[in-house]
Amino acid sequence: GKLGRYPPWPGKIVNPPKDLKKPRGKKCFFVKFFGTEDHAWIKVEQLKPYHPHKEEMIKINKGKRFQQAVDAVEEFLRKTKGKDQASSHNSTEEKNRRNSSEERGKQSAGEEKHKASLSEGKVKKGTGEGKKRVSSVSSERGSKSSLKRAQDQSPRKRGRPPKDEKDLTIPESSTVKRVMTGAVAGFKWPPSVSEPVKDSDPHFHHFLLSQTEKPAVCYQAITKKLKVCEEETGSTSIQAADSTAVNGSITPTDKKIGFLGLGLMGSGIVSNLLKMGHTVTVWNRTAEKCDLFIQEGARLGRTPAEVVSTCDITFACVSDPKAAKDLVLGPSGVLQGIRPGKCYVDMSTVDADTVTELAQVIVSRGGRFLEAPVSGNQQLSNDGMLVILAAGDRGLYEDCSSCFQAMGKTSFFLGEVGNAAKMMLIVNMVQGSFMATIAEGLTLAQVTGQSQQTLLDILNQGQLASIFLDQKCQNILQGNFKPDFYLKYIQKDLRLAIALGDSVNHPTPMAAAANEVYKRAKALDQSDNDMSAVYRAYIH
């Protein structure tokens, strides 16, 4: 790869969509990656022919995903020979080419930015094996047969005829989300993009939500200064923006960063902020947790008030509404360090009422406030692959750009304070309910004499397949409940989501049922285990 950290990956040169222009600078080709069904512009010097390097590539890569990619290449080569003799192929291509613009239109209602799952250690960056993409450009993964289907469908759905395709081997980039034109990660530009943003990191996007009357939303690429590009549909509900250095790596802000709370999530976030060159002052209720970060170059703050008063932007990530309030309003708390211009970003998952109250007191002292809860777990936090949901001060959101890129793969700006809290609770409500359903299925399989491993194998071949499903089932099968996301916190989020439903008289019976199962698990002393330990609530 460009920086030599990852082995090569097989792909093929395809025709880009008509509305996607080549990046300026060195000569490059538009490449589809086998096995991931992702795409990217790749510089010509990073391409190698497939056959001469095949054996070398196979020696380097031992992972299952890579083997699937190689199988997909071989299958493609076999099919290509057959296609040369098939006369019906051209007419099918024409039909699909005509439909490509319609497909892209459908995408715009729900297209999600995806990262490539390039190395065995970074599988979490992708949508997961076997998991269908949100958009109509579906690429099913997880089995060899689905890979074959996806490779046939994916380029056609994007309107790319397979003629003049060349097989090649592509060196992988180092840190996928931090490489620009050198990146070989499969990446899909948002469907409305007319030209890639110059000097931007295509692997991290901000999504800015402005309230509009139109129910449909679509992505739109804009420049670093947030200058909105014109789009044919006229809808600008969601806009994507980048903020990166010319070489594609993150340029850390020169603002002094403070961070309060070094738990499962906070620890990974701080580590990535430091790695990307930010100046960080840390504080934690139990001071020992700060030691590791002091060794990595962080400064130590004695109290939350001191951190806020000595830093420009202070982030906090604590456990629940009570902890979030105590941190701000308690003795030597955040509020005592707030002066006009000081910035506070609360990344805790709390209810909208709590975050609104905190925003009011911060702003009343002349401070600027942003809520920015994160979707993810300890592993994603460590990998810098969190999804950030932000709301509040739009200018502060933009000032946090380099920080968000260091800690996450995507950030969404959702408007006024409270919106991010509500959205985060809904996301975790769905995740928590799904986890309880997984546990229920595995235990029912066991008591009815069915193999739990076989159930997992079957699910992994179907449309529910995902990294989440596979990891949580593996936890249960191995009896390993080391926390990646504390069970007590997912129960807290279910409780808050149910209360959110109550506040608008909306029924949440699934979440309510799941909540009861987690409460049972808590009674069985599973609070400090991973959420997958909800399984133990079902064991008689």
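Is I250 buried or exposed? I looked up its accessibility and found 8% relative accessibility, so I250 counts as buried (under 20% relative accessible area; exposed is over 50%, partly exposed in between, with a 1.4 Å probe and protein chains only).

Source notes. I am working from a predicted model, where local features need pLDDT of at least 70, side-chain atom pairs count only at pLDDT 80 or more, and totals for chains, interfaces and linings use all residues. Residues are numbered from 1 along each chain as its sequence is written, and side-chain values use heavy atoms, with hydrogens and water left out.

Entry on I250. I placed I250 in the loop that lies between β8 (238-241) and β9 (257-260). Strands (E, at least two residues) and helices (H or I, at least four) are DSSP runs, numbered from the N terminus.

Entry on β16. I went through strand β16 (residues 386-392) and found 6 of the 7 residues buried, so the strand is largely enclosed by the rest of the structure.

Entry on the partners of β16. I took two strands as paired if DSSP finds at least two bridges between them. Strand β14 (residues 368-371) runs antiparallel to β16, with 2 bridges; E371 stands opposite A391 there. Strand β15 (residues 374-375) is also antiparallel to β16, over 2 bridges, and I found V374 opposite I388. Strand β17 (residues 408-413) runs parallel to β16, joined by 5 bridges. In that pairing I388 faces S411.
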